[in-house]
Amino acid sequence: MKKIISFAMAVLAAASLMACGTASGSGKGTDGGLSAAGGTDVQSGLPADAQGESVLVYGSGDYTRINPAMDEHGEINILIFDGLTAHDGNNEIVPGLAKDWEFDKKTCTYTFYLEEGVSWHDGEAFHADDVKFTIEAIMDPRNGSENAPDFEDVEEIIITDDYTIAFRLSAPNAAFLDYMTMPVLPEHLLAGGDMQESDFFRSPVGTGPYRLESWDEGQAITLAKNKSYFKGEPNLERIVFKIVPDDHARALQLESGELDLALLAPKDAQAFDGKEGYVRYVMQTSDYRGILFNFRHAYWQKNRDLIPAVCYAIDREAIVDAVLLGQGIAAYGPLQRNVYHYEDTEHYDYNPGKAKQVMEDAGFTMGSDGFYERDGETAGFVLSVGAGDQVRADIAQAAAQQLREAGINCTVEIPVQVDWAGQMAYLIGWGSPFDADDHTYKVFGTDKGANYSGYSNAEADRFLKQARQTFDTQARREAYAGFQKALADDPAFAFICYVDADYVAADTIRGITQETVMGHHGVGIFWNAAEWTMDDGK
């Protein structure tokens with residue numbers, strides 16, 4: 001198979017099955033950790049009688065809950081749940097729980113015709129009430145879903161019968177079919193419950209190709225195939241999400257045969273190039289990194305004019321080369337991997353001279369300590385990074401060093417918990433491979449559900465609304481160009497880079513599509529996992 005090189009932080013890597021066999025794959029051999037008879041696999045937690053079954057062990061980050069209505073980016077969601085629509089390997093819309101749909105332009109109404117005979121994993125029948133319940137739960141402001149802006153145009157949900165449901169919108173939403181990929185939740189298990197705290201989200205029940213079999217906290221989440229899946233019985237018997245938060249530990253467990261698939265950092269992934277039994281999948285993503293400025297913080301309310309200097313002071317190409325080992329590209333906007341990308345905006349290419357000019361034009365002077373100051377205050381800020389992501393931490397440290405060299409005193413902290421309201425800045429990761437409305441409208445729109453920076457720009461809002469409300473390709477192109485120019489003129493983030501996704505996998509796995517563009521954290525590789533197979537490598 002073809003071996004490729006790519007980035008580091010955003011994806012999965014996959015381990016090999018090799019001749020000595022493991023708890024996953026074909027189960028050949030005896031040194032994969034399975035007890036000879038009875039008991040459990042000491043490495044994966046699988047029942048001992050799983051030997052001989054096709055079981056894929058994936059190196060995963062930890063989960064505190066599985067709640068797709070409130071959260072995004074959970075790789076496991078697509079295996080347990082279905083939406084009315086789905087995305088194929090080209091990230092185009094295809095049928096999901098809805099077998100067909102139609103749109104009435106006059107009334108701005110989408111009508112979906114649902115699959116019949118679909119069951120939840122507990123055996124109860126799926127019907128239109130479940131869809132209505134899910135979308136209304138997301139729309140309910142009391143539930144605090146970051147996905148609420150996706151459905152803010154919904155004025156009425158009409159159920160005609162158990163298998164026909166319509167959504168009347170207040171205005172056109174060109175991304176609505178994309179948003180109906182939202183996983184549907186079972187009303188009979190969640191009605192009246194707390195959509196943030198319910199125990200359901202530790203023992204979720206869906207309609208998807210795999211069902212939750214067990215959850216050993218901090219160790220593994222085991223999924224067993226749904227033999228009555230409405231799209232056809234999956235091939236793999238089980239998929240185990242083995243919790244391995246550390247990037248390097250995943251690489252070691254891939255090499256030892258404890259994992260079959262994992263997301264690796266670039267340096268770790270490159271070590272598998274040419275190694276027998278492994279395939280490296282370098283996959284393009286829409287996943288970018290940048291510095292999010294907290295505009296609710298008093299510092300940025302006073303020093304917002306410092307931000308263009310921050311943007312000019314970052315050497316993006318150097319970070320791509322040194323941290324990502326060349327596996328990514330420099331970033332200057334949120335739509336560079338989208339059909340509505342507009343090239344002709346300010347890129348903020350590395351330019352220390354311009355950074356200096358911005359600072360001095362704004363009244364900053366160089367202090368004796370090598371940092372600019374204004375009104376007796378040093379120019380600088382603390383950049384927070386979430387724990388457990390070494391590549392992101394390395395990007396933050398590299399950017400901070402470059403800023404200090406430019407006279408801006410930037411330091412990095414890794415707090416135990418992210419303080420969105422109190423922090424000064426955050427090394428953010430975002431991005432979507434789907435419609436351009438996704439991860440722009442709700443991230444940069446004033447007071448929207450995923451606008452964690454408190455950014456507000458009337459021009460950006462206007463263009464985002466225009467783009468959402470038209471289906472005309474040229475009109476959308478012009479609107480998104482206006483948005484990207486407004487965002488460049490008044491940056492919400494200092495964009496740094498797009499990261500490629502480095503998956504390393506056992507060469508026994510068949511079905512991974514390398515051409516599919518991945519999303520944030522490299523999510524998306526399991527889009528067709530029900531079709532995957534594993535052989536004995538012969």
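Reply: The account below begins with the basis of the values, examines the loop, and then turns to other parts of the chain.

The model is predicted, so local features are described only at pLDDT of at least 70 and side-chain atom pairs only at pLDDT 80 or more, whereas totals for chains, interfaces and linings use all residues. Residues are numbered from 1 along each chain as its sequence is written, and side-chain values rest on heavy atoms, with hydrogens and water left out.

The chain contains 14 helices and 25 strands, taken as DSSP runs numbered from the N terminus (helices H or I, at least four residues; strands E, at least two). Of its 538 residues, 56% count as buried, a term that means under 20% relative accessible area, with exposed over 50% and partly exposed in between (1.4 Å probe, protein chains only). A contact requires heavy atoms within 4.5 Å. Among contacts between residues at least 6 apart in sequence, 71% join residues at least 24 apart.

The loop of interest runs between β24 (509-510) and β25 (533-534), and H520 has its place there. T516 is found in this loop between β24 and β25 as well.

T516 counts as buried because its relative accessibility is 4%. Its C-alpha atom lies 5.9 Å from that of N90, although T516 and N90 are 426 residues apart in sequence. Not counting residues up to four places away in sequence, T516 touches G89, N91, M283, Q284 and W527. The side chain of T516 reaches the backbone oxygen of G89 at 2.9 Å, and a polar contact of 3.5 Å joins the side chains of T516 and W527.

H520 is likewise buried, because its relative accessible area is 5%. With residues up to four places away in sequence left out, H520 touches H73, D287, R289, R392, G429, W430 and G431. For G429 there is a polar contact: a polar atom of the side chain of H520 lies 3.0 Å from the backbone oxygen of G429. The side chain of H520 also makes a polar contact of 3.2 Å with the side chain of H521.

C311 lies in helix α8 (residues 307-313) and is buried, with a relative accessible area of 2%. Beyond four places in sequence, C311 touches R316, Y348, P491, F493 and A494. D268 lies in helix α6 (residues 266-270); at a relative accessible area of 14%, D268 is buried. It is in contact with D247, H248 and A251, leaving aside neighbours within four places in sequence. From D268 to A251, 17 residues away in sequence, the C-alpha to C-alpha distance is 6.2 Å.

Most residues other than glycine have a negative phi. Y348, one of the residues that C311 touches, has a positive phi near 55°. Y348 lies in the loop between β15 (328-330) and α10 (352-361) and is buried, with a relative accessible area of 10%. D375, also not a glycine, has a positive phi of about 55°. Its loop runs between β17 (372-374) and β18 (377-378); D375 is exposed, with a relative accessible area of 67%.

The remaining feature is a helix pair. Helix α13 (residues 458-468) and helix α14 (residues 473-489) pack at an angle of about 160°, with their axes 8 Å apart. That makes α13 roughly antiparallel to α14, a description used for angles over 145 degrees. Axes are lines fitted to C-alpha atoms over the stretch in contact, and angles run from 0 to 180 degrees between N-to-C directions. E459, A460, F463, L464, Q466 and A467 in α13 meet R476, A479, Y480, G482, F483 and A486 in α14. By class, this contact has eight nonpolar, two polar and two charged residues; Ala, Val, Leu, Ile, Met, Phe, Trp, Tyr, Cys and Pro count as nonpolar, Asp, Glu, Lys and Arg as charged, and the others, Gly among them, as polar.

Note on methods:
Angles under 35 degrees count as roughly parallel, over 145 as roughly antiparallel, 65 to 115 as roughly perpendicular and the rest as oblique. A polar contact is a pair of N or O atoms within 3.5 Å; within protein, one must be able to donate a hydrogen and the other to accept it, and residues adjacent in sequence count only if both atoms are side-chain atoms.
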